[in-house]
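Visitor: I would like to go through this structure with you. Could we settle a term or two before looking at details?

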There are 2 protein chains.
Amino acid sequence: MNGHIRRTEDFRWKDIPVSAYKPGGTHFAGITRQLLFDGGEGLRCQLRYFEVAPGGYSSLERHRHEHAIMVIRGQGRALVGERILELATHDLVRVPPLTWHQFRPGGEQPFGFLCMVDCGRDRPERPDAKVVAELRRDPGIAEFIRL
Amino acid sequence: MNGHIRRTEDFRWKDIPVSAYKPGGTHFAGITRQLLFDGGEGLRCQLRYFEVAPGGYSSLERHRHEHAIMVIRGQGRALVGERILELATHDLVRVPPLTWHQFRPGGEQPFGFLCMVDCGRDRPERPDAKVVAELRRDPGIAEFIRL
């Protein structure tokens, strides 16, 4: 194993399947997942590539573990905490612990980002009605979020 | 802290310094390091960006911890074990444990790559004369490596 995994076409890699974002659910849309690196000896993190089609969105969620993100395709928007971020290619985003977050494309092109995450991590939590009501007090967030 | 770190110009980010590749030494050349993410809560890895100028090279070394690499700028070549890899933008490379490796640009443009690595890791080992002699038995490797 020489460890070389070639890019085969734009944002696709040899023998790395394009997977469902999550096993199931209706709280996300138009988003795929590719697991680029799955930990290793002395390497306790994964590197994933997520791609969101125009009109799609990741799930609105939070968890204790942090996310470290780099945009590598297109532009996007993200809710992180109480702010809507405008993201350009190669921008970085850290999602702090227990911070509500959601990602959407910025326009009519696919939006893709790397996400580094610990192999051992807590499960995401989704917002209940009370949290959604609180988030929606901000008109910009109310417009942004998708459930 | 909203966690958004903007790209300021090509392969440079706001408030992320361009650092020396290593504290000192003559076994590398023309290479810089930017620490994009330095672990976090429930996140036991770093993400670094290394950039090698034309004519430059990373140090020839090995260690027990694995490296997970994605090229994001230009083309390069790498020794990984007993093979010389030709690397294009967005190619991935896994460097297995205790595997000799070195990175060089593929041409007259900068060569840049992300490297995910565990926050807690063993120190790199450099080759002694015996190892160098063994590596040089292969004419391709002999031509490639820089000490």
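Guide: Let us begin with contacts: two residues are in contact if their C-beta atoms, placed from the backbone, lie within 7 Å. Please keep in mind that this is a predicted model.

Visitor: Then which residues is A:Ile69 in contact with, leaving aside its neighbours within four places in sequence?

Guide: A:Ile69 is in contact with A:Leu92, A:Val93, A:Val95, A:Phe113, A:Leu114 and A:Cys115. A:Ile69 also belongs to the largest nonpolar core, which has 58 residues. Within that core, A:Leu47, A:Ile69, A:Met116, B:Leu47, B:Ile69 and B:Met116 touch the most other members.

Visitor: What about B:Cys115: where is it found?

Guide: B:Cys115 lies in strand 12 of chain B, residues 111-118. Beyond residues up to four places away in sequence, B:Cys115 touches B:Arg48, B:Phe50, B:His67 and B:Ile69.

Visitor: Why does B:Cys115 count as partly exposed?

Guide: B:Cys115 has 19 C-beta neighbours inside 10 Å, and therefore counts as partly exposed; a buried residue needs 20 or more.

Visitor: And how far apart are B:Cys115 and B:Gly30?

Guide: Their C-alpha atoms are 17 Å apart in space, and the two residues are 85 apart in sequence.

Visitor: Switching to the overall fold, how many helices and strands does chain A have?

Guide: Chain A has 2 helices and 12 strands.

Visitor: What box do its C-alpha atoms fill?

Guide: Along the principal axes, the C-alpha atoms of chain A fill a box of roughly 55 × 35 × 30 Å. Of the 147 residues in chain A, 34% are buried. Among contacts in chain A between residues at least 6 apart in sequence, 60% join residues at least 24 apart.

Visitor: What rotation superposes chain A on chain B?

Guide: The rotation is 180°, with 0.0 Å of shift along its axis and an RMSD of 0.0 Å. This is the relation of a two-fold axis. The same surface serves both copies, as 100% of the contact residues of chain A recur in chain B.

Visitor: Which strands form the open sheet, and in what order?

Guide: There are 7 strands, in the order 1(A)-10(B)-7(B)-12(B)-6(B)-5(B)-4(B), with antiparallel pairing. Strand 1 of chain A and strand 4 (19-20) of chain B stand at the edges; each has a single partner strand, so one side of each is left without a neighbour in the sheet.

Visitor: How many bridges join strand 1 of chain A to strand 10 of chain B?

Guide: There are 2 bridges, and the strands run antiparallel. A:His4 stands opposite B:Val93 in strand 10 of chain B. Likewise, 2 bridges join strand 10 of chain A to strand 1 of chain B, where B:Ile5 is the bridge partner of A:Leu92.

Notes: Residues numbered from 1 in each chain as written. Chains lettered and ligands numbered in written order. Predicted model: local features only at pLDDT ≥ 70, side-chain atom pairs only at ≥ 80, totals over all residues. Pairing = 2+ DSSP bridges. Helix = DSSP H or I, 4+ residues; strand = E, 2+ residues; numbered from the N terminus. Buried ≥ 20, exposed ≤ 12 C-beta atoms within 10 Å, placed from the backbone. Least-squares fit on C-alpha atoms with pLDDT ≥ 70 in both. Core = buried A, V, L, I, M, F, W, Y, C linked by C-beta atoms within 7 Å.
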